[in-house]
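This briefing goes with the sequence and model shown below. Please read it with the structure open.

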Amino acid sequence: MDLDLQTESCPARKRARTEAAPPTSLSLSGGERLSTGLITLWRQRILCDAEIRVGGEPFHAHRNVLVGASEYFKRLYCGAATADVDVHTLNDMQPAVFRALLSFVYEGRCTLHDEALLTQLLQAAPFLVLPRSEERSVGATCRTRGAERR
């Protein structure tokens, strides 16, 4: 999928040369939000029948949601040879990236707390999650954490 990232300008302020730039978070939106009930079940790990391990960290989800969102998971869980997979491991991905992708699948939005992970998210999104669609647009908003607390 071609992601259309629309970045709003980040709040700028002048800093002394010794002052480090404030950490930023990046919010992505524009996906389809699933029902509140299904999101609640996911957050509480109720009826989650898929476990994905990324960087040794387990993530739980509903197979039907993963299959509906991703050709990758459709091939994994609907193929005759792999239909009974209990735990699936994804290599070459940071847990924070998969956490964001999973949030995007369920909630239609996500936040990366490390702007450096954006490239990994953009590379993984078409492979794992987002189907090709001309109608969908993903917007990004860059915010400094310091500005959010005010």
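Gly68 is exposed, because its relative accessible area is 68% and exposed means over 50%, buried under 20%, and partly exposed in between (1.4 Å probe, protein chains only). The model is predicted: local features need pLDDT of at least 70, side-chain atom pairs count only at pLDDT 80 or more, and totals for chains, interfaces and linings use all residues. Residues are numbered from 1 along each chain as its sequence is written, and side-chain values use heavy atoms, with hydrogens and water left out.

**Gly68**
- Gly68 sits in helix H2, residues 63-69; helices (H or I, at least four residues) and strands (E, at least two) are DSSP runs numbered from the N terminus.

**Overall make-up**
- The protein contains six helices and seven strands.
- Their order along the sequence is β-β-α-β-β-α-α-β-α-β-α-β-α.
- Of its 150 residues, 38% count as buried.
- The accessible surface is about 9,100 Å², and carbon and sulfur atoms account for 49% of this; the areas come from the Shrake-Rupley method with a 1.4 Å probe, and for residues only the protein chains shown count as cover.
- Among contacts (heavy atoms within 4.5 Å) between residues at least 6 apart in sequence, 70% join residues at least 24 apart.

**The sheet S4-S3-S5**
- Three strands make an open sheet with mixed pairing, in the order S4-S3-S5; two strands pair if DSSP finds at least two bridges between them.
- Strand S4 (57-61) and strand S5 (87-90) are at the edges with a single partner strand each, so one side of each has no neighbour in the sheet.
- On average, neighbouring strands of this sheet are turned by 30° against each other, direction ignored.
- Strand S3 (residues 50-54) pairs with S4 in the antiparallel sense over five bridges, and Val54 has Glu57 in S4 as its bridge partner.
- Helix H3 (residues 71-78) packs on the sheet and touches S3 and S5, its direction making about 145° with that of S5; axes are lines fitted to C-alpha atoms, for helices over the stretch in contact, and angles run from 0 to 180 degrees between N-to-C directions.
- H4 lies across S3, S4 and S5 and runs at about 10° to S4.

**The nonpolar core**
- The largest nonpolar core has 36 residues, and Phe73, Met93, Phe98 and Leu128 have the most contacts inside it; such a core is a set of buried Ala, Val, Leu, Ile, Met, Phe, Trp, Tyr and Cys residues joined through side-chain atoms within 4.5 Å.
- Helix H4 (residues 95-107) supplies the largest share of this core, eight residues.
- Neighbours within four places in sequence aside, Phe73 is in contact with Ile52, Leu66, Val67, Cys78, Phe98 and Leu128.
- In soluble globular proteins, nonpolar side chains tend to be buried together.

**Strands S2 and S6**
- S2 and S6 run antiparallel and are joined by four bridges; Ser29 has Arg109 in S6 as its bridge partner.
- Ser27 lies in strand S2, residues 24-29, and counts as buried at 12% relative accessibility.
- The side chains of Ser27 and Thr111 are joined by a polar contact of 3.5 Å; a polar contact is a pair of N or O atoms within 3.5 Å, where within protein one must be able to donate a hydrogen and the other to accept it, and residues adjacent in sequence count only if both atoms are side-chain atoms.
- Strand S6 (residues 109-112) has Cys110 and Leu112 on its covered face, and Arg109 and Thr111 on its uncovered one.
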